[in-house]
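Please read it alongside the sequence and coordinates.

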Amino acid sequence: MVARLHDLFFKAARAYRHSEFEKYMSEMSSLNPKIKYYLLEIGSGRWARCLHPRRRYNIQTSNIAESINSALKEAREQPILKLLDELRKTFQNWFLERSKLAAFTFYLVTTWAHKEMRDKLEKANCMEVEQLQTNTFNVKYNQKTFFVDLEKRTCTCRQFDLDEIPCSHAIAEIDKLYRNKYEYCSKWYDIMMYKNTYNGSLNPVGDKEDWNIPEDIKQEILLPPIYKPAAGRRKKQRYKSATETFKMSTKSGRCRRTGHNRKMCKFSPALHPYSKKHNTNEASTSCKA
């Protein structure tokens, strides 16, 4: 049941239409009514795409701090100046990688946006398109009907509205009119916007002898913050939520094999490499050879 609830939650979070969102929420409520009330109490606009007050552009991550902490796991053990320099190097490498990727991209939009529209093209070729006005169409697919307005850049499936990139229904009409699909994408998918985003650089502070420090700053005495460390070993890994799955590997202290513990072990105990019996077996094996 946990896996089913996990699947329904992410379907509800990624739903574009309110009807789909309500459908998945009712299914979760039938399995466990407390979960629905808990999610609604948090606020559906915080995690559901169709109820979010702003455009998310198909991005579900809301907390980038976990990704930064994972990238700086080793650097966090260094002094503060070394940590700041490692942070600068990490961001500079990310900027450089994306800048090179943008330089070798020859589409009018980013590689991700081009791939999204290319994947939708095969589905768009199987749709029945009925033109109502110059920029309004009625699209039929899989016994469902969708209304698309190219001038307002909207579709009743709401993918065109929320992602601001043509959905498969809009692509079917754009191809019928022999228009350019890239012109109907948001400016945030434009390749020039992508290049300008990573065009800057994070330069190092340089040699300490070349620093120009004002006198009033030199006279400041900076003391470390008052900090009382907690008892026990400091935790490096983040706390995982109840919905995340992770594997725990057990190892028997008797046979040294994985997959079970010492209490459930049914194998003979492993010989210590320095035991007399182990050395005797090795000597007999070498003599036979």
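How many salt bridges does a search of the whole structure find? The search finds nine, a salt bridge being a side-chain nitrogen of Lys or Arg within 4 Å of a carboxyl oxygen of Asp or Glu.

## Basis

This is a predicted model, in which local features need pLDDT of at least 70 and side-chain atom pairs count only at pLDDT 80 or more, while totals for chains, interfaces and linings use all residues. Residues are numbered from 1 along each chain as its sequence is written, and side-chain values use heavy atoms, with hydrogens and water left out.

## Overall make-up

The protein chain has 11 helices and four strands; these are DSSP runs numbered from the N terminus, with helices being H or I of at least four residues and strands E of at least two. Of its 289 residues, 25% are buried (buried means under 20% relative accessible area, exposed over 50%, partly exposed in between, with a 1.4 Å probe and protein chains only).

The chain exposes about 22,400 Å², of which carbon and sulfur atoms supply 54%. Accessible areas come from the Shrake-Rupley method with a 1.4 Å probe; for residues, only the protein chains shown count as cover.

## Salt bridges

Side chains of opposite charge can pair when their charged atoms come close. In helix 1 (residues 2-14), Arg4 and Asp7 are three residues apart, about one turn of the helix, and their side chains form a salt bridge at 3.7 Å, N to O. Arg4 is partly exposed at 40% relative accessibility, as is Asp7 at 33%. A network of salt bridges links Arg4, Asp7, Lys11 and Glu27.

Lys82 and Glu86 are separated by about one helical turn because they are four residues apart in helix 5; their salt bridge spans 3.5 Å, N to O. Another salt bridge joins Asp175 and Lys181 at 3.8 Å, N to O.

Beyond residues up to four places away in sequence, Leu83 touches Ala75, Arg76 and Gln78, where contact means heavy atoms within 4.5 Å.

Asn135 sits in the loop between strand 1 (128-131) and strand 2 (136-141). With a relative accessible area of 18%, Asn135 is buried. Its contacts, leaving aside neighbours within four places in sequence, are Val148, Asp149, Leu150, Glu151 and Arg179.

## An exposed loop residue

Arg256 lies in the loop between helix 10 (215-218) and helix 11 (276-288). Arg256 counts as exposed because its relative accessibility is 55%.
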